Amino acid sequence: MVPVYWVVFAIVAFFVLSTVSGSFFTVSTAQVAVITRFGKFVRVAQPGLNWKMPFIDTVAGKLSLRVNQITLTMETKTKDNVFVTIPISVQNRVHPEKVYDAYYKLSNPAEQIQSYVEQVILGHVPGMTLDEVFASQSGIAAAVKQELDADMAGFGYEIVNVLVTDIVPDAKVKSAMNDINAAQREQVAANARGEAEKILVVKKAEAEAESKALQGQGIANQRKAIIEGLQGSIEQFQKVVGDASTSEVMQLVMVTQYFDTLKSIGENDKTNTLFLSHSPGAVKEISDQILQSMLVADRAKA
C-alpha cells in the first residue's frame, strides 16, 4: 500500500508544475498582449515567450500591430443635386507605443473611423459639382486622411493611407454622361471627316486646275511647233522653187498633211471603211480660209 506522504507529494508536485507552466505564455509576431492584475492594467507583453504572476496576472487581450483595412461606402449628394456613392478604404494600425489607448479608449474602432469619414465626406462633397468630385478624388482622400490623423491619434491609431477607389453616380446619370461623351466624340469625328473631305476636294480642284494648265500649255507648244515647222517647210520650199508664192506653198503643205492623215487613219487596224464628205480639192478652200484668218489677225494687231 502506497504511503500517504507519496500521494501528498504527487499532488503538490502536480500543482507546482501546473502553476509554473501556466505562468508562461507566448505572443505571436506583430502582436502585443495586454496584462492586467486584478483588473488593472500592468504592462504590455511583446512578441515571444513571456511570464506573468500566477493567479494574479491575466492576459486581458491581444492587439494586432499589422495594417488593417476598413472598407466603407458613403452616399451623399453633390452641388448639382446628383447622388453619388463613394467607396473608401481606410488603412490603419495600432501605434506600438499607444497600445493602452487603442485597447481601452475605443470599444469599436471601425465604427469610430466610419463616423469621422462620414463627417469629412459630408463636409466636402455637397459643395462640389459631379465633375469636380471626379476631378478631386485625391483631394477628398487627403482631406479624410488629415482629419483621421488628428482625431484617431488620441486613441492610439495611426492612419497609414486613405483611398477613394471610385465615384459611382446614379445609373441614369451615368448613362446620360456616357451619351454626352459619345455625342461630343461623334461631333469631333464629324468635324475631322468634314475637314478631310474638304482637303480632298481642294486638292482635287487644284490638281484639275494644274492639269488643265499643263494641257493648255502642251496644246500651245504643240501649235507653236506646228507653226514653226510649217514656216521652216515654206522657207525651204521657196529656196528650192524660187517663183512659188506663200499661198501656193501653204496649199501644197495642206494637201500633203491631208493625205498623210488619210494614210494614218487607213493604217489603223480597227478602220474598215472611211467616208469622206469632200474631195481633195476642198483642201484648197480650207487653206484659203486659214490664210484669210491669219491676214485678219495681222490687221487686228496693226
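Guide: The accessible surface of the chain in this predicted model comes to about 20900 Å², and carbon and sulfur atoms hold 58% of that surface. The chain has 302 residues, of which 23% are buried. Its secondary structure consists of eight helices and nine strands.

Visitor: Which residues of α3 and α5 make the contact?

Guide: From α3 come Gln112, Ile113, Tyr116, Val117, Gln119, Val120, Ile121 and His124. From α5 come Ile140, Ala143, Val144, Glu147, Leu148, Asp151 and Met152. By class, this contact of α3 with α5 has 10 nonpolar, three polar and two charged residues.

Visitor: Why is Phe38 called exposed?

Guide: Phe38 has a relative accessible area of 71%. Exposed means over 50%, so Phe38 is exposed. Phe38 is located in the loop between β2 and β3 (40–45).

Visitor: What makes the phi of Phe38 worth a remark?

Guide: Most residues other than glycine have a negative phi. Phe38 is a residue other than glycine, yet its phi is positive, near 55°. Ala30 likewise is not a glycine and has a positive phi, of about 65°. Ala30 lies in the loop between β1 (24–27) and β2 (31–37).

Visitor: How do you know whether Ala30 is buried, partly exposed or exposed?

Guide: The relative accessible area of Ala30 is 23%. Buried means under 20% and exposed means over 50%, with partly exposed in between. The value of 23% lies between these limits, so Ala30 is partly exposed.

Visitor: What makes Tyr100 count as partly exposed?

Guide: Tyr100 has a relative accessibility of 42%. This value is between 20% and 50%, and therefore Tyr100 counts as partly exposed. Tyr100 belongs to helix α2 (residues 99–104).

Visitor: What is Tyr100 in contact with, leaving aside its neighbours within four places in sequence?

Guide: Tyr100 is in contact with Phe41 and Lys105. For the chain, 63% of the contacts with a separation of 6 or more join residues 24 or more positions apart.

Technical notes
Residues are numbered from 1 along each chain as its sequence is written. This is a predicted model: local features need pLDDT of at least 70, side-chain atom pairs count only at pLDDT 80 or more; totals for chains, interfaces and linings use all residues. Side-chain values use heavy atoms; hydrogens and water are left out. Contact means heavy atoms within 4.5 Å. Helices (H or I, at least four residues) and strands (E, at least two) are DSSP runs, numbered from the N terminus. Ala, Val, Leu, Ile, Met, Phe, Trp, Tyr, Cys and Pro count as nonpolar, Asp, Glu, Lys and Arg as charged, and the others, Gly among them, as polar. Buried means under 20% relative accessible area, exposed over 50%, partly exposed in between (1.4 Å probe, protein chains only). Accessible areas come from the Shrake-Rupley method with a 1.4 Å probe; for residues, only the protein chains shown count as cover.
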